[in-house]
Amino acid sequence: MLSVSDLTVRYGDVLALENLSFSVGAGQIIGLVGSNGAGKSTTLAAISGLVKSRTGAITLDGRDLMALAAHDIVGLGLVHVPEGRRLFPFMTVLENLELGAFGSAARNRRAEQLDYVFSLLPKLAERRQQLAVTLSGGEQQMVAIGRGLMSCPRLLMLDEPTLGLAPMLVEEIFRLVRAIRDNGIPVLIVEQQVVHALECADYAYVLESGHCVMQGHGRDLLQDDGLRRAYLGL
Ligand code: ATP
């Protein structure tokens, strides 16, 4: 489905990513984990066309994405939910969700997609008329993911969806990610919550200073002594 080969990104003199290769297949959750500055957000931004100073190859079902503008990439169904939620605080939950349905295909399926989002996130259905600013951090994150789903993704990319959330809410977000995968939308997830991300991911890549230093099935990586020492302090 999504294939990334030898992706290299520079911000001026800073080499943020070097020769990163990975793929996301149908029915998969793929994790990109690593500490601050490892290059995780840069990877998503390069895939979604927000960062143009990149080389390598990025394809979605064989189609080259490197020459496309960011809005065309969303139009193909590759939807990026950036770090930090970025909701409109004084708009309602419903209005924020509807903003996700901006492409013509998504607009045509707006009612159907809204039913789908509310079936996955019933709390949001109850609070549809509430202003986003009045929601808890976890609920706001759910609106951000729901807004991504309103764009009718064929593949969803989530950047640190659990940032700043209490442990119970972190688990709720990972349950949601699994439900999205189980409903047929593969997910590429960037996380600093290494344990949760690796438990959830079908396959994962560990990034350090712009390089992939380890890859494997999430649960296998969790057994790796080097990884446990570096990221879990064990
Ligand atoms: P975090 O979890 O802190 O977001 P990350 O793994 O997502 O970290 P990136 O944000 O992708 O890492 O950053 C990778 C490297 O690129 C870092 O060295 C960072 O300082 C640098 N970088 C990121 N964005 C820019 C930018 N706009 N201009 C210059 N350097 C940047």
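Visitor: What makes the meeting of arginine 181 and aspartate 182 a salt bridge?

Guide: Their side chains come to 2.7 Å, N to O. A salt bridge is a side-chain nitrogen of Lys or Arg within 4 Å of a carboxyl oxygen of Asp or Glu, so this pair at 2.7 Å counts. Arg181, Asp182 and Asp202 are also joined into one network by salt bridges that share partners. Side chains of opposite charge can pair when their charged atoms come close.

Visitor: Before we go on, what am I looking at?

Guide: This is a predicted model, where local features need pLDDT of at least 70 and side-chain atom pairs count only at pLDDT 80 or more, while totals for chains, interfaces and linings use all residues. Residues are numbered from 1 along each chain as its sequence is written, and side-chain values use heavy atoms, with hydrogens and water left out.

Visitor: Why is arginine 181 called buried?

Guide: Buried means under 20% relative accessible area, exposed means over 50%, and partly exposed lies in between (1.4 Å probe, protein chains only). Arginine 181 has 15%, so it is buried. Aspartate 182 has 55%, so it is exposed.

Visitor: How many salt bridges does a search of the whole structure find?

Guide: It finds six. One of them joins lysine 123 and glutamate 172, with the closest N and O atoms 3.6 Å apart. That pair links distant parts of the chain: lysine 123 is in helix α6 (residues 122-126) and glutamate 172 is in helix α8, 49 residues apart. By the way, helices (H or I, at least four residues) and strands (E, at least two) are DSSP runs, numbered from the N terminus.

Visitor: Why is lysine 123 called partly exposed?

Guide: Its relative accessibility is 35%, so lysine 123 counts as partly exposed. Glutamate 172 has 22%, so that one is partly exposed too.

Visitor: What makes arginine 127 and glutamate 139 a salt bridge?

Guide: Their closest N and O atoms are 2.4 Å apart, and that puts the pair among the salt bridges. Arginine 127 sits in a loop and glutamate 139 in helix α7, twelve residues apart. Arginine 127 has 27% relative accessibility, so it counts as partly exposed, whereas glutamate 139 has 10%, so it counts as buried.

Visitor: How do you know that strand β7 is mostly covered?

Guide: Five of the five residues in β7 (residues 155-159) are buried. Leu155, Met157 and Asp159 are on one side, Leu156 and Leu158 on the other, and both faces are covered.

Visitor: Which strands pair with β7?

Guide: Two strands pair if DSSP finds at least two bridges between them. Strand β6 (residues 78-81) has four bridges to β7, in the parallel sense, with valine 79 partnered by leucine 156. Strand β8 (residues 187-191) also runs parallel to β7, joined by four bridges, and there methionine 157 has leucine 188 as its partner.

Visitor: What do β7, helix α8 and β8 make?

Guide: They make a right-handed β-α-β unit, with α8 covering residues 167-182. A crossover is right-handed if, with the strands pointing away from the viewer, the path from the first strand over the helix to the second runs clockwise.
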